[in-house]
Amino acid sequence: MVFWIKLAFKNIFRSKQRTILTLIPVIFGVMLLITMFSLLDGLNRDSINNLINFETASLKLVSKNFSLSDKKLDINEIGFIVPEEIIKFLINSDMVESFTYEIVFIGNLSDGLNKLPVLIKGIDFNSYKKTYKTFDMSFSKIENFDAGSIVVGSDILKYFEINTDSLLIIQSRTSGGTFDAFDTKLIGYVSTGNPNIDRTTVFVSIDQARNFLNVEKKVSNVSIKLKKNGSLYDFVKKFDKVLSKYPDLKLVTWEDFAFEIKAIDSAKKYSGGIIIFVILIIGGVGIANTILLSIYERFKEIGTMRAMGAPNQVILKMFVFEGALIGLIGSLFGMLLGGLISLYLYRVGLDFSGVIGDMDIGYPIKSIFRGSFNLISILQAGIFGTFIGVLASFYPARRAIRENIIRILK
Amino acid sequence: MQDIKVENIVKDYKVGDVVVRALNSVSLEIKKGSFISIAGPSGSGKTTLLNIIGCLDQPTSGNLYFDKENVVGYDDNKLTYFRNQNIGFIFQDFNLIPVLTVYENVEFSLAINPKFNRNHKKLVEEILDMVGILDLKNRFPKELSGGQKQRVAIARALVKKPILVLADEPTANLDSENAKNVMEIMRKMNRDLNTTFIFSTHDKLVMDYADDVIFLRDGRIVEKV
């Protein structure tokens, strides 16, 4: 084996220039493959983190009228009073890290001149802070907020061109169906990187929300954060037993909320995969062409080998090794470059805020795109590149054993 | 004992619609350890006969025996294996692999053997020593003279200890001094290893080394000396 690898190595560098030209698309293809999967994996990971940390927690207890597809927010339809038994279950469960109540409704935020449609979340600050990381990203540091205080997403602040302590008005429909408004004072803003929070969300205290909507003890949902080592599925199984007594309630996990992200992710992986597959096919054609040229140039040599009694498998092996070696060398360089790029993407990321602006790209990410650094993915891309080399050289290698020995010896 | 018997070999080639008879009922018997030259003008059928004896080509009719084994009718794989185990070749243009060193060129002959084992270093060095180029073992073919290249080719043909070595005009690309050296080495190897050598040539000096010279003309044996 060592003899054949050594021979293949020597053979591919007979024409250095041609080999280098052949290597370029393989290097480029493998590098792109690694970069694309790093970026998509990173986007997927950050999207899910953004979803869990700022929007959904591990799971939510909601009314059975709540639907992921139409996302109705009318408190009369989806609001519910949390049964005591469920509260006890959540407090006593060793799998629950924390839980919090939310009242969610839509309305307008106005500074007297401009009006912006927003999503208003009535929250219990202390339990919300334990369940979500939203207030870890707040400016200035918010310790608590009382009735009449609000915290907004950073983009809302930019939209109104205001500072903290500014006075704003929230307008919305109450549970009775009438329009009403209340004055608020901005005590801070949050900058989470999740466009759904930063662009459209206003936080008020849950008591103020209840008073305004006139819903007393109702909530829109209970957000539940599980402990890190807790299994979501085991918890859902346990919770479902308790919930069997409450047919008007159901559980929605973060995975249910992430179905759009997953769909976008797989679509992007698929389309990106096609592009890279085409690039690698070009690389494969390059390798096939190089091997074929090499066979034509070395016909007499091949004839000598066959005359000496080299079996067909040996001749095939020799050229397949050459193709594999080109694929491997290209892949190694591609892995190195792709690895460095994904390390950069993982550590630093790419700031697309200028490009994206207010666009909705389908991911709950709005500025920095971070990649993942996964050695197994890098290795898989390298193996794929080498495999392309083997595949591409196999057909031309057959050319070497089909020719008549006497003809090629002349 | 490995005698070779060529029996009524006929070889026809089709050139367009015309059938050209390259060999016409050629028969001969070659004893093991012989040193035989096949001579004749261009187109007389020397190379065709060597190709058939070397199992590179199949005759249109006739038989070719190595002892009692008739190889006519063998399929490609069987012929390849037969050549691999039993026949060495020396070419007029040396046909060395340019990217391999002298040592590796000889080693190649063993590497293609299905029974190849890695303890062959001594074997390769022994044969290089016998043909007098052991000190050149790390050189590449481009660093060798014509005579040295042909010695590598001889070592490559002999390292697997074949029963037969075929050489098609082995001295055609050499000056008379190198041709003489190469013939002396071939003769020495023939005697030391008792390997049968069959070579084609036009050269009278080369013919003088042979035990027997077979003259061919128009595909027939016209004289045996």
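**View 1. The hairpin of E4(B) and E5(B), in a predicted model**. Two residues lie between the strands of this hairpin, and Asp67(B) takes a positive phi near 55°. Strand E4 of chain B and strand E5 (residues 69-70) of chain B pair in the antiparallel sense over two bridges, where strands are DSSP runs of E with at least two residues, numbered from the N terminus, and two strands pair if DSSP finds at least two bridges between them. Phe66(B) stands opposite Glu69(B) in E5(B). Residues are numbered from 1 along each chain as its sequence is written, while chains are lettered from A and ligands numbered from 1 in the order in which they are written. Because this is a predicted model, local features need pLDDT of at least 70 and side-chain atom pairs count only at pLDDT 80 or more, whereas totals for chains, interfaces and linings use all residues.

**View 2. Strands E1 and E4 of chain B**. Strand E1 (residues 4-15) runs antiparallel to strand E4 (residues 61-66), and five bridges join them. Lys5(B) has Tyr65(B) as its bridge partner in E4(B).

**View 3. The side of chain B that touches chain A**. In this view, 17 residues of chain B are in contact with 17 residues of chain A, contact meaning that the C-beta atoms, placed from the backbone, lie within 7 Å. Helix H2 (76-86) and helix H3 (102-111) of chain B each supply at least two residues of this side, helices being DSSP runs of H or I with at least four residues. H2(B) gives the most, with four residues.

Notes. Two residues are in contact if their C-beta atoms, placed from the backbone, lie within 7 Å.
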